[in-house]
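Student: I would like to go through this structure with a few questions. Please show it to me before we start.

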Amino acid sequence: MNLILRRVDNNLVLSRIISKTMRAVHALVKATASPAKTTVATSSSRKLTSFSNPPSQSPSEIHFISLIHSSKTTFQLHQIHAQILLHNLSSSSLISTQLISSSSLRKSVGYSLAVFNHYHPKNSFLFNALIRGLTYNSRFENSISHFILMLRSNFKPDQLTYPYILKSIACLCLQWLGRSLHGMILRCGFEFDSFVRIAMVDMYVKVEELGLALKLFDESPHKFNTESTLLWNVLINGYCKVGNMSKAVELFEAMPKRNTASWNCLINGCLRGGDLEKAKELFDRMPDKNVVSWTTMVNGFSKNGDHEKALSLFSKMLEESVKPNDFTIVSALSACAKIGALEAGLRIHSYLKNNGFRLNRVLGTALVDMYAKCGNIESANDVFRETKDKDILTWSVMIWGWAVHGHSEEAIQCFKQMMHAGIQPDEVVFLAILTACTHAGKVNLGLNFFNSMKFDYSIEPTMKHYALIVDLLGRAGLLKQALRFIERMPVTPDFVIWGALFCACRAHKNIKLAELASKKLLELEPKHPGSYVFLSNVYAAAGRWEDVERVRVLMQNKGIEKDPGWSYIEVEGQVHSFVAGDHIHQDAKDIYLKLEEIVAGAREHGYMPGTEWVLHNIEEEEKEDALGRHSEKLALAFGLLRTYPGMTIRIVKNLRVCGDCHSLMKYASKMSQREIVLRDIKRFHHFKGGVCSCGDYW
């Protein structure tokens, strides 16, 4: 115990006494002392009116405890407390303990502390209630400091104290303190209390001392009882978190009894480790599934990149009449956003409206993000306006949405509205607004925002901010200025920085500077395929085909492969994916015939294939054939085949669209009299009537 006292004294301080809250309570006493001033707002406060003029016999403790339990808000709790003071029951330990517990549950930590500090003499019940409340409200340092005060006041902790202190220690990763407390628990004889033991195992799991957690588990005399499921779950979760799935599965198979949480835990571990097959197998074996089970699967598959399966699982969940929670909805909307599945997103939004979901900040932000990433920025803005309780994430998502759709003025206006709403920008907001300036070519404004971030808001730029400035300068053709900016950076430029410079050099045909950037890329990440592709691009642009071939052979010898280009398109609620040169799709023959028709029609309107985008030293005719296999063109052809005339075609591409595909999309939009929305890795391109929203500034 002395060790704990000495160690904690160096790290923690006791919380200050909060007196403002108590002054408010005394003010309430005055307000409620007269029957005429008593507020009758709810059922709880109506009950209080009978106590405004104290009867001959004062209400008992049990009456006030009942009122405390029935209170719905902190204000009602204040009213009850005022009556407690009027009836001279503030010295009741039972009532004070209930006040501390109830105010903690309502997130009113200051009020809990005020009640505790004004109660004398203290006892273990009050300490336990406060420590539990502080832990519940994530005030872990305060929880531990009051535990120290409890020890100094000569009150003995019990089985109701230790679980919460252990949780606070775990959340702060204080391994040394956890070990010390473990020794104290052994000396006090609480090591076999089931809740204390579970809390100790959980603590060791969270501080990543799995060996000690397993030792405690093995020493548990009742671990094979059917009531010990929680103990097993805690340990299985620990092994899942560190990626030791073989041990997790071994424990799972040895369990005397499993509950739904046991299955959820193991499934989540498999998903975190990328074993989607095993996760699906376990999910199918589950005897009972709850909303957490379904949410774990939807979120896990989406995070592992299988967004179509995630959405399929979400649909099946609804078919089985399982009501999703907010986190399920957010996971499903995120999957829609990743692959541009607007129809699926619209169905989810409709489900929310028809099933009584409140448009809170979490759902509002997820919907804004989904609509923006699916190419419907107008709907994103509509949801943004409807979302009343916005936080900085909501604002940043909307600003970013305007930015990547090329609406720089709207992005800047949204930034100003955020400032007027009293929300200070953070580094993410500045990334969004710098993106808007970059896509619009607003060089001076972008530099002003960058400087304002540093000097007005004291936000240290990250590598992403520096990369955006290089991109901003490079797109505008200010290549020498971009290079000087890189050379003067206070941090060493990384792969993304030199990549941004290279892209600008290629766009402006500055071969010498592009070669410098490519060499820097190879030095930084010699195994990254992008480094070799960049260098091949430089040599191809200069017609140095021997060097192009040398780089290609080098990639083959090192086993380095270029990231394949793929595109998604959603038709009639189903997402179809294409890769470059794809012949796997069931409609491949029709798709290629349609693509030939599009190209032939475009040629009649003046389209010429941009063969400079092909890196091989081959004949022009072969180059044109290679260009025709790009995934976004295949998606376009399929969209024109399988959608009704006049419908907007929406395509998502994982790489930056090449100049030839960009050109063909413009001609296709004019010939088909349709809007084509293409999202690449950088931004959105809205093609309409032969013109792109980017103004060819991309």
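Tutor: One cut-off is needed at the start: a polar contact is a pair of N or O atoms within 3.5 Å, where one must be able to donate a hydrogen and the other to accept it. Keep in mind that this is a predicted model.

Student: Which backbone oxygen does the side chain of Thr135 reach?
Tutor: Thr135 belongs to helix H8, which covers residues 124-136. Its side chain comes to 2.9 Å from a backbone oxygen, and polar contacts are counted within 3.5 Å. The oxygen is that of Ile131.

Student: With the side chain of which residue does the side chain of Thr135 make a polar contact?
Tutor: Leaving out residues up to four places away in sequence, Thr135 touches Phe140, Ser143, Tyr164, Lys167 and Ser168. The side-chain to side-chain polar contact of Thr135 has a distance of 3.1 Å. The partner is Ser168.

Student: Is Thr135 buried or exposed?
Tutor: Buried means under 20% relative accessible area, and exposed means over 50%. The relative accessible area of Thr135 is 2%. Thr135 is therefore buried.

Student: How many residues of helix H7 are buried?
Tutor: Helix H7 spans residues 109-118 and is mostly covered. Its buried residues are Val109, Tyr111, Ser112, Leu113, Ala114, Val115, Phe116 and Asn117. Of the 10 residues in H7, the number buried is eight.

Student: What share of the residues of the protein count as buried?
Tutor: The protein has 37 helices and six strands. It comprises 698 residues. The share that count as buried is 53%.

Student: Are H16 and H17 roughly parallel or antiparallel to each other?
Tutor: Helix H16 (residues 260-272) packs on helix H17 (residues 276-285) with axes 8 Å apart and an angle of about 165°. Angles over 145 degrees count as roughly antiparallel. H16 and H17 are therefore roughly antiparallel.

Student: Is the crossing of H16 and H17 left-handed or right-handed, and how many charged residues are in their contact?
Tutor: The crossing of H16 and H17 is left-handed. H16 contributes Trp263, Leu266, Ile267, Cys270 and Leu271, while H17 contributes Leu276, Lys278, Ala279, Leu282, Phe283 and Arg285. By class, the contact of H16 with H17 has nine nonpolar residues and no polar ones, and its number of charged residues is two.

Student: Are H28 and H29 roughly parallel or antiparallel to each other?
Tutor: The axes of helix H28 (residues 463-475) and helix H29 (residues 479-487) come within 8 Å and cross at roughly 160°. The crossing of H28 and H29 is right-handed. Since an angle over 145 degrees counts as roughly antiparallel, H28 and H29 are therefore roughly antiparallel.

Student: How many polar residues are in the contact of H28 with H29?
Tutor: On H28 the contact is made by Tyr466, Ile469, Val470, Leu473 and Gly474, and on H29 by Leu479, Gln481, Ala482, Phe485 and Ile486. Gly counts among the polar residues in this scheme. The contact of H28 with H29 has eight nonpolar residues and no charged ones, and the number of polar residues is two.

Student: How does Val579 count at 35% relative accessibility, and how far is Val579 from Gly565 in space?
Tutor: Val579 is in strand S2 (residues 574-579), and at 35% relative accessibility Val579 counts as partly exposed. Leaving out residues up to four places away in sequence, Val579 touches Gly565, Trp566, Arg629, Ser631 and Leu634. Val579 and Gly565 are 14 residues apart in sequence, and their C-alpha to C-alpha distance is 5.7 Å.

Technical notes
Residues are numbered from 1 along each chain as its sequence is written. This is a predicted model: local features need pLDDT of at least 70, side-chain atom pairs count only at pLDDT 80 or more; totals for chains, interfaces and linings use all residues. Side-chain values use heavy atoms; hydrogens and water are left out. Helices (H or I, at least four residues) and strands (E, at least two) are DSSP runs, numbered from the N terminus. Buried means under 20% relative accessible area, exposed over 50%, partly exposed in between (1.4 Å probe, protein chains only). Contact means heavy atoms within 4.5 Å. Axes are lines fitted to C-alpha atoms, for helices over the stretch in contact, and angles run from 0 to 180 degrees between N-to-C directions. Angles under 35 degrees count as roughly parallel, over 145 as roughly antiparallel, 65 to 115 as roughly perpendicular and the rest as oblique. A crossing is left-handed if the near helix is turned anticlockwise from the far one by less than a right angle, and right-handed if clockwise.
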